[in-house]
Amino acid sequence: MTANLVAIPPSIHIREDDLTDQRTLALIGLHLSGMHASSPPGTVFALEAEQLKTPDVKVWTAWSDEAIAGIAALKQLDRYHGEVKSMRTHPSFLRRGVAAALLDHLIEDARRRGLRRLSLETGNGPAFEAALALYRRRGFVEGEPFADYRPNGHSVFLHLTL
């Protein structure tokens, strides 16, 4: 474990998810609703469950017993570049280290795959402050748009060199 990684909270376990469990689908729905409520029209790039079911996307969920605690996905953009997608902690598990554990898990998976860079797009404003702080603590720095993204006045683009 590197210095940036946090231990997974003892009551939480992370597993790869096939997006068939209704609790996972409900959390994706909550994520999408939250993004639309906190973002101007045309600036939500969160993926629907069906869009996460592609060969270039790997999804993990965090669980506490039978309760879903969070979700994270990694989309492979090319051989060396990945995108963090669908990061969301269930409201019942906020501020318990779930998002940090999922992000660390995702980063380690990206390293194992040989990726050299991770990027993400998120919003700005109060609804995004906690997420932005987490990404920055993990070494992500603000930078240029990537993939098909374009500047829109709401999106923040972050990158991490692995």
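Reader: What is the volume of the largest pocket?
Author: This is a predicted model, and in it the largest pocket has a volume of about 880 Å³.

Reader: Okay, and which residues lie nearest its centre?
Author: Those are Met87, Arg88, Thr89, Ala127 and Ala131, which belong to a lining of 40 residues around the largest pocket.

Reader: Which helices and strands each supply at least two residues of that lining?
Author: On the helix side there are helix 1 (22–38), helix 3 (98–113) and helix 4 (129–137), and they are joined by strand 4 (81–89) and strand 5 (117–123).

Reader: And which one gives the most?
Author: That is strand 4, which gives seven residues to the lining of the largest pocket.

Reader: How many of the lining residues are nonpolar, polar or charged?
Author: The lining of the largest pocket has 21 nonpolar residues, together with 11 polar and eight charged ones.

Reader: Changing topic, I keep looking at strand 7. Is strand 7 largely enclosed or largely open, and why?
Author: Strand 7 covers residues 155–161, and six of its seven residues are buried, so the strand is largely enclosed by the rest of the structure.

Reader: What does strand 5 do next to it, parallel or antiparallel?
Author: Strand 5 pairs with strand 7 in the antiparallel sense, and the pairing extends over seven bridges. Within strand 7, Leu158 is the residue that stands opposite Leu120.

Reader: How many bridges join strand 6 to strand 7?
Author: Two bridges join them, and strand 6, which is residues 141–142, runs antiparallel to strand 7. Here Val141 stands opposite His159 of strand 7.

Reader: Zooming out, how many helices and strands are there in the protein?
Author: The protein has four helices and seven strands, and read from the N terminus on, the elements follow the order β-α-α-β-β-β-α-β-α-β-β.

Reader: How compact is the protein, then?
Author: Its radius of gyration is 15 Å, close to the 15 Å that the globule rule gives for 162 residues, so the protein is as compact as a globular protein of that length. Along the principal axes, its C-alpha atoms fill a box of roughly 40 × 35 × 30 Å.

Reader: What share of the residues counts as buried?
Author: Of the 162 residues of the protein, 45% count as buried.

Reader: Last one: what share of the contacts comes from residues 24 or more positions apart?
Author: If you take the contacts in the protein with a separation of 6 or more, residues 24 or more positions apart account for 64% of them.

Technical notes: Residues numbered from 1 in each chain as written. Predicted model: local features only at pLDDT ≥ 70, side-chain atom pairs only at ≥ 80, totals over all residues. Heavy atoms only, no water. 1 Å grid on protein atoms, 1.4 Å probe; cavity = no way out; pocket = protein on both sides within 12 Å on 5 of 7 lines; lining within 4 Å. Points joined across faces, edges and corners; volume = space filled by probe spheres on them. Nonpolar A, V, L, I, M, F, W, Y, C, P; charged D, E, K, R; others polar. Buried < 20%, exposed > 50% of the residue type's maximum accessible area, 1.4 Å probe, protein only. Pairing = 2+ DSSP bridges. Rg over C-alpha atoms; globule rule 2.2 N^0.38 Å. Contact = heavy atoms within 4.5 Å.
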